[in-house]
Amino acid sequence: MGYRIVVVGATGNVGREMLNILAERQFPVDEIAVLASRRSLGTEVSFGDKTLTTQDLDTFDFTGWDIALFAVGSEATKIYAPKSAAAGCVVIDNSSLYRYDPDIPLIVPECNPEAVHGYSKKNIIANPNCSTAQMVVALKPLHDRAKIKRVVVSTYQSVSGAGKEGIDELWDQTKSIYNPTDDKPAKKFTKQIAFNVIPHIDVFMEDGTTKEEWKMVAETKKIIDTSIKVTATCVRVPVFVGHSEAVNIEFEDFLDEDEARDILREAPGIMVIDKREDGGYVSPVECVGDFATFISRIRQDSTVENGLNLWCVSDNLRKGAALNAVQIAELLGREVLKKG
Ligand SMILES: NC(=O)c1ccc[n+]([C@@H]2O[C@H](COP(=O)([O-])OP(=O)(O)OC[C@H]3O[C@@H](n4cnc5c(N)ncnc54)[C@H](OP(=O)(O)O)[C@@H]3O)[C@@H](O)[C@H]2O)c1
């Protein structure tokens with residue numbers, strides 16, 4: 001016997017990717033329901049070789065369903081996730097709404113799988129921010145060996161991290177640059193994104209950081225270790241899919257770059273591509289559709305004690321969202337629900 005699964009936000013970037021990944025990983029699904037807003041009632045989405053028709057989230061009854069994978073943004077999640085949880089259908093949520101609630105586990109299965117048992121307090125599990133997910137997969141095995149003191153990270157985040165509207169804005173604006181009569185001013189982003197970079201993601205906080213940067217700090221602490229200091233600069237770049245990160249790490253103990261490379265080669269969810277030659281590293285277009293988080297440019301940082309630099313690239317719709325959510329569902333199934 002398998003699971004009765006609900007995908008909430010099935011017409012969105014993350015929702016569609018969740019359906020692809022459930023099919024690719026042959027998740028034991030007995031029945032699947034796909035939900036979106038009333039606007040897209042009846043829209044067809046693919047699940048393996050099947051075509052499914054979306055239903056209205058507002059009128060859906062979660063009773064009798066096992067797991068709901070939510071990818072609808074915080075506002076809709078606030079209304080509908082508690083309904084699912086109260087009906088006994090465990091929520092795995094992609095929005096930021098529940099990530100910092102001490103009674104809700106925030107899980108990256110490669111890092112803190114043991115946290116899954118905390119799901120029962122509220123019947124909800126949170127999925128981290130896309131930039132955090134790929135970074136902690138790389139940090140955790142290094143932390144286990146040499147204890148991380150501080151991380152300085154700069155991100156290069158693709159427009160798909162801002163949903164369907166982000167993708168459309170880059171596409172339309174890029175075309176309009178060549179056709180000046182068809183001006184496409186910034187709408188989803190705060191400045192022109194075509195042929196530009198924008199050092200601003202999510203809202204500004206009082207101290208001058210942005211919420212996206214704050215999320216990387218708070219989530220790394222919750223997932224790996226509260227003692228790790230993180231400082232981040234998050235930047236939107238004109239790439240459709242795939243987030244990149246330049247990560248500088250300071251450890252308690254010395255960690256040689258060759259040993260770090262070996263540790264990462266063995267670590268779950270990581271693929272090391274690190275040749276010191278033209279093209280011997282991964283760029284975002286190459287990671288699209290992949291499950292792995294790719295690590296390149298591993299090198300000692302001799303300007304600080306026990307320092308290391310690396311380059312980290314992953315498909316933000318996969319490890320940053322849909323894949324991690326499906327991995328959590330697999331973990332919940334294996335450790336708790338035990339069907340399939
Ligand atoms: N993209 C990423 O890299 C990423 C990474 C981590 C987390 N997330 C999070 O995942 C969530 C979804 O992101 P996305 O990129 O997939 O966004 P998206 O492409 O804009 O899709 C949004 C989805 O939510 C549905 N929706 C919105 N409001 C709704 C409502 N009131 N009732 C029912 N359905 C509603 C939309 O349905 P309609 O088609 O009917 O409008 C659509 O299916 C967000 O919370 C986002 O922060 C995204």
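What follows walks through the cores, the annotated sites and a few individual residues of this predicted model. Residues are numbered from 1 along each chain as its sequence is written, and side-chain values use heavy atoms, with hydrogens and water left out. Since the model is predicted, local features need pLDDT of at least 70 and side-chain atom pairs count only at pLDDT 80 or more, while totals for chains, interfaces and linings use all residues.

The nonpolar cores come first. A nonpolar core here is a set of buried Ala, Val, Leu, Ile, Met, Phe, Trp, Tyr and Cys residues joined through side-chain atoms within 4.5 Å; buried means under 20% relative accessible area, exposed over 50%, and partly exposed in between, using a 1.4 Å probe and protein chains only. The largest such core has 55 residues, and Phe 62, Leu 142 and Val 151 touch the most other members. Helix α3 (residues 130-146) is its top contributor, giving seven residues; helices (H or I, at least four residues) and strands (E, at least two) are DSSP runs, numbered from the N terminus. At least three residues of this core come from each of domain 1 (3-127 + 321-336) and domain 2 (131-158 + 197-314), with domain bounds taken from an automatic or database domain assignment. Another core, of 34 residues, lies apart from this one and has Val 14, Phe 27, Leu 323 and Ala 325 among its members. As for Phe 62, residues in contact (heavy atoms within 4.5 Å) are Val 6, Val 8, Leu 35, Leu 57, Ala 68, Phe 70, Tyr 80, Ser 84, Ala 87 and Cys 89, not counting residues up to four places away in sequence.

Next, the active site. An unreviewed UniProt entry lists Cys 130 and His 243 under "active site"; UniProt positions are given in the numbering used here, feature names are shortened, and annotations may be inferred rather than shown by experiment. The pair is spread over 114 residues of sequence yet clusters in space, with a largest C-alpha distance of 8.1 Å. Both Cys 130 and His 243 belong to the lining of the largest pocket. On a 1 Å grid over the protein atoms alone, a pocket is an open set of points where a 1.4 Å probe fits, with protein on both sides within 12 Å along at least five of seven lines, and lining residues have an atom within 4 Å of a point.

Cys 130 sits in helix α3 and, at 13% relative accessibility, counts as buried. Beyond its neighbours within four places in sequence, Cys 130 is in contact with Glu 212, His 243, Asn 316 and Gly 320. His 243 lies in strand β11 (residues 243-251) and is buried too, with a relative accessible area of 1%. Leaving aside neighbours within four places, the contacts of His 243 include Cys 130, Tyr 156, Ser 158, Gly 161, Arg 236 and Asn 316. Its side chain also reaches the backbone nitrogen of Ser 158 at 3.0 Å.

The "binding site" feature, again from an unreviewed UniProt entry, covers Thr 11, Gly 12, Asn 13, Val 14, Arg 39, Ser 40, Ser 160, Gly 161, Pro 180 and Asn 316. These positions span 306 residues in sequence and the farthest two C-alpha atoms are 32.9 Å apart, so they do not all gather at one spot. Still, the lining of the largest pocket takes in several of them, including Thr 11, Asn 13, Arg 39, Ser 160 and Asn 316.

Two of these residues make a handy contrast. Arg 39 is in the loop between β2 (29-36) and β3 (44-47) and counts as exposed, at 79% relative accessibility. Ser 160 is in the loop between β9 (148-157) and α4 (163-177), but is buried, with a relative accessible area of 3%. Not counting residues up to four places away, Ser 160 touches Asn 13, Ile 167, Phe 240, Val 241, Asn 316 and Leu 317. The Ser 160 side chain also makes a polar contact with the side chain of Ser 158 (3.1 Å); such a contact is a pair of N or O atoms within 3.5 Å where, within protein, one must be able to donate a hydrogen and the other to accept it, and residues adjacent in sequence count only if both atoms are side-chain atoms.

Then there is Lys 319, found in helix α8 (residues 318-337) and buried, with a relative accessible area of 2%. The Lys 319 side chain makes polar contacts with the side chains of Asn 324 (2.7 Å) and Gln 327 (2.5 Å).
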